[in-house]
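Here is a short report on one protein model and its metal sites. Keep the sequence and the structure in view as you read.

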Amino acid sequence: MSLDDNLTNHPNDYEHAEVTEILEDVALYRTLVSNVYMLGKPSEKEWFLIDTGVKHYHERIIAAAKKRFNNVPPRAILLTHGHFDHAGSAKALAKYWDTPIYSHAQEKPYLDGTLAYQPVDPTVGGGMLSLLSPLFPQKPLQLSKWLHTITEEQEISFLQGWKIIHTPGHTPGHISLFREDDRTLIAGDVVTTENPESALAVFFPIGKIYGPPAFFTKDWDLAKKSVEKVASLHPKLLLAGHGLPMKGTALTEGLEHLITNFHSLAIPKHKNDD
Ligand SMILES: [Zn+2]
Ligand SMILES: [Zn+2]
């Protein structure tokens, strides 16, 4: 069966779509290779969605969200960044729910039809690139109708308790979300908790911390600074765009290890030969 069949020909998936509750007000739903997070308590009438997965996943996300939030649409969709595995179902979801989409101002050109992302280093793609190539967008995303921009300093009323952290490097307008109260970090692609270049690891997460997905990462110096920035927040719970949640010493030590060995662990070999 091809990947596309796999994505579109399983109507039962929609009925069976279930989130995994991480905290009382944080739930995870996994699309093909990437995570989306639903923030908000099911008992309260306000929630928001972080990222939207690859395309073709909107019906599954809608089904899972309906169950959790009793048919209440999200107050907003937030995109950590605009890559196809995070913004792929954004348009279909915004349309269905008639919900605004928020992204960092520096990510806007990639979401309003101006620019398309190019794999900056296709040589490090490995299994993941060929696995996902049918989902690569053919043209720039066009979300202008729903798109609003935010900056790090901005307070957003519905983001109660959550702060926007600008974490560029992987993309210019990449953001993470941090909640001081319980030190929960929603990281996007600043770090991953599985090896994003290996198709095998996509399906068998092994619980280590890696750098951002390499084939799309634009600026490695900034990418490292962003890992340092989120580590300096001392997160107790890490929810990444790819991979399983992590907490405790595995998280603290994993972040330290990644920062100390960033060159060898995160940056593709031929980039740091010189
Ligand atoms: Zn990405
Ligand atoms: Zn990603």
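Just after helix H3, Asn70 takes a positive phi of about 55 degrees. This is a predicted model: local features need pLDDT of at least 70, side-chain atom pairs count only at pLDDT 80 or more, and totals for chains, interfaces and linings use all residues. Residues are numbered from 1 along each chain as its sequence is written, chains are lettered from A and ligands numbered from 1 in the order in which they are written, and side-chain values use heavy atoms, with hydrogens and water left out.

**Helix H3**

Helices here are DSSP runs of H or I with at least four residues, strands are runs of E with at least two, and both are numbered from the N terminus. H3 covers residues 58-69, and its 12 residues should span 16 Å at 1.5 Å a residue; the end C-alpha atoms are 16 Å apart, which agrees. The expected span is 1.5 Å times one less than the number of residues. Buried residues in H3 include Arg60, Ile61, Arg68 and Phe69. Buried means under 20% relative accessible area, exposed over 50%, and partly exposed in between (1.4 Å probe, protein chains only).

Donors are N, O and S atoms within 2.8 Å of the metal (3.2 Å for Na, K and Ca); water is not among the atoms, so sites may look incomplete.

Which residue bridges the two zinc ions? Asp189 does, and the ions lie 3.3 Å apart. The pair links distant parts of the chain: Asp85 sits in helix H4, and Asp189 in the loop between strand S10 (184-188) and helix H7 (199-203), 104 residues apart. Both Asp85 and Asp189 are buried.

**Around His81**

His81 lies in the loop between strand S5 (76-78) and helix H4 (84-87). At 1% relative accessibility, His81 counts as buried. His83 is buried too. The side chain of His81 makes a polar contact with the side chain of His83 (3.1 Å). Another, of 2.9 Å, joins His81 to the side chain of Thr80. A polar contact is a pair of N or O atoms within 3.5 Å; within protein, one must be able to donate a hydrogen and the other to accept it, and residues adjacent in sequence count only if both atoms are side-chain atoms.

**Helix H9**

The buried residues of H9 are Leu251, Gly254, Leu255, Leu258 and Ile259. They cover an arc of only 125 degrees around the axis, so they lie on the same side of H9. The arc is that of the directions from the helix axis to the C-beta atoms. The face turned away from this buried side carries the exposed residues Thr249, Glu253, Glu256 and Thr260.
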